[in-house]
Amino acid sequence: MDIFSVLTLIGGLSLFLFGMNYMGDSLKKLSGSRLEMILSKLTSSRFKGFLLGFGVTAIIQSSSAVMVTLVGFVNSGIMQLAQTTSVLMGANIGTTVTGWLLSTSGISGSSVFINLLKPSSFTPILAAVGLLFNMFSKSDKKKNVGSILLGFAILMFGMETMSGATEGLQDSPFFMDLLVSLSNPILGILAGTLFTAVIQSSSASVGIIQALSLTSPIPISSALPVILGMNIGAAVPPVLSSISGNTDAKRVAASCVYIKLFSVLITAPVFYILNGVFDFAFMDLNASVFSIAFMHTMFNIISTIVLMPCCKWIEKLSELTFKAKEQAPSPFQGLDNRFLIYPTFAAEKAREVTADMAEIADSSIRLALKLLTTDYSDKKRKKIREREKNIDMYEDKLNAYLVALSAEPLTAAESAEVATLLHVISDVERISDYSYTLAKTAREMSEREITLSKSASKEMALVSDAVKEIVSLSVQAISDVDSDAALRITCLNQVIEKVIHQMKSNHIKRLQKKECSTELGFIFSNLLTTFGRISGHCSNIAVYFLQKKSQTFSPHEYKSRLQDDTTNQTQEFYSSYEEKYTLS
């Protein structure tokens, strides 16, 4: 095996790993948010959890992705530790599907039909179809299907390239000595563990062994312990993922390790004791792609049957490994970077946190309006200030998370959702800022002992009620993605603008009649300006949700079109608010 064969091997390995990752990512995108929603909700029993783990892993071709996602779910409080153990065991069997897909490369025969089943015959067709879907289809779904076909074709081509590059290994004394040493169970298991820990995919590791078996004689006695070790190495991704997680997340990672470790510690000694007694003849045979897939599958099935009744013990051991620590749940648990590989789900969690942010802003507005109309309290003003700082923290966290999400490969709908949320959190933050502006105005009025006239107070109470309602509707629009609430906001905003304009006219008349002082006039005018801006930001939020499908973000232009809207529903909403908030 010369330097050129080594370079070819590196190229083949690169194509194989790229194809596997590309196919897996495309499968995740095709599934949208359905797979993770199933994982988080439908794990009410051990059996259901097992089936879900098997099904999801077989679909996305990655047990590591499933395990890392489970760590994220538990870290975010979406799932409990008890719901994950059976899912993990199902994932162990689901990951064996990849080996069977790759085993088609070992098909041989002289008939035309048999040759058509060989990857070298059908992968060029898959690649061509996938390329056509990617280049000419406008549907995101078809593009994802095309990416899946391309990914599969690339990994199969990479596998064939690796096989061709390793053809000369059978003549290498070093390689043959290495294979002999791997027949030692302990060395073989360690080698498989380390190799998979580096690659971070047991499916890819098994595929590489299958590729080597096509051209080089690998005894089953050497392949089996390596396969056993690969199962232990597959626990590395969830362990790395849990490092920054909470106690429950670390417990899930510990469960992954214990399941993988106990699977080998229980089955390997039994098998090798039986082999010592009965001297299995097949151990001296050379492994084929089919026998490697079979060994991988049987090991996972047997170990799962043995460990399935022990789920509670594994959970208890994980809890003993990581003792619970008393800590308040973080409001940002849902913004977990592990969810970025599922953009639809990640955007949904970001929207939920945005809704929490909007509720805090709503409570601040209500408290600030109370300070204007009832006895002023500096303690309450400071409380509004604390909430405003909290809102700033929400904005920073959400901005960082959404920017990270926007760097992922997104569909047009996902990009529109991320853009909408980025605009919305900015408007919510501004609403919070204005709540503190109102609080400072209330303090100024209290310190200078300024009071509104009877007519001005009555008008202020009316517009305050309208502002409270429009902010509350904004929270509803964000929380429930409620287009009806969004349309109501745009209509109420028009009414508030009209009321503010009339209040300014009335205020000028009071100044002319000297019913209101100039000093109070400035404060009153500033309050109306603040109310108008709060209403305007609420209207922006509504417009972002209403025009999200068009993927254009020019709120002023869209507002103009809404103001000219004469549909029955729009006119009905506008008329009801105009009647409700009319100055006498």
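Visitor: What does Arg-351 count as, buried or exposed?
Guide: This is a predicted model, in which local features need pLDDT of at least 70 and side-chain atom pairs count only at pLDDT 80 or more, while totals for chains, interfaces and linings use all residues. Residues are numbered from 1 along each chain as its sequence is written, and side-chain values use heavy atoms, with hydrogens and water left out. The word buried is kept for residues under 20% relative accessible area, exposed for those over 50%, and partly exposed for those in between, using a 1.4 Å probe and protein chains only. Arg-351 has a relative accessibility of 7%, so Arg-351 counts as buried.

Visitor: Which residue does Arg-351 meet in a salt bridge?
Guide: A salt bridge here is a side-chain nitrogen of Lys or Arg within 4 Å of a carboxyl oxygen of Asp or Glu. For Arg-351 the N to O distance is 2.5 Å, and the partner is partly exposed, with a relative accessible area of 29%. That partner is Glu-348.

Visitor: Which helix holds both Glu-348 and Arg-351?
Guide: Helices are DSSP runs of H or I with at least four residues, strands are runs of E with at least two, and both are numbered from the N terminus. Glu-348 and Arg-351 are 3 residues apart, about one turn of the helix, within residues 343-373. The helix that holds both is H18.

Visitor: What is the N to O distance in the salt bridge of Asp-362 and Arg-366?
Guide: Both residues lie in H18 as well, 4 residues apart, about one turn of the helix. Asp-362 counts as buried at 12% relative accessibility, whereas Arg-366 counts as partly exposed at 33%. Their side chains meet in a salt bridge with an N to O distance of 3.4 Å.

Visitor: How are H18 and H21 oriented, roughly parallel or roughly antiparallel?
Guide: Two packed helices are described by the angle between their axes and the distance between the axes. The axes are lines fitted to C-alpha atoms, for helices over the stretch in contact, and the angle between N-to-C directions runs from 0 to 180 degrees; under 35 degrees counts as roughly parallel, over 145 as roughly antiparallel, 65 to 115 as roughly perpendicular and the rest as oblique. H18 and H21 (residues 454-480) pack at about 170°, with their axes 8 Å apart. H18 and H21 are therefore roughly antiparallel.

Visitor: How many charged residues does the contact of H18 with H21 have?
Guide: Contact means heavy atoms within 4.5 Å, and the residues that meet include Arg-351, Asp-362 and Arg-366 in H18 and Lys-468 and Asp-480 in H21. By class, Ala, Val, Leu, Ile, Met, Phe, Trp, Tyr, Cys and Pro count as nonpolar, Asp, Glu, Lys and Arg as charged, and the others, Gly among them, as polar. The contact of H18 with H21 has 8 nonpolar and 4 polar residues, and its number of charged residues is 6.

Visitor: At what angle do H13 and H15 pack?
Guide: Helix H13 covers residues 220-233 and helix H15 covers residues 247-278, and their axes are 8 Å apart. Among the residues that meet are Leu-224 and Leu-228 in H13 and Val-264 and Phe-271 in H15. H13 and H15 are roughly antiparallel, packing at an angle of about 160°.

Visitor: Which helix is the place of His-537?
Guide: His-537 is buried, with a relative accessible area of 15%. Leaving aside its neighbours within four places in sequence, His-537 is in contact with Asp-427, Arg-430, Ile-431 and Tyr-434. The helix in which His-537 has its place spans residues 518-546 and is H23.

Visitor: How many salt bridges does the structure hold?
Guide: Besides pairs there is also a network of salt bridges, which links Asp-378, Arg-381 and Lys-382. For the structure, the number of salt bridges is 14.
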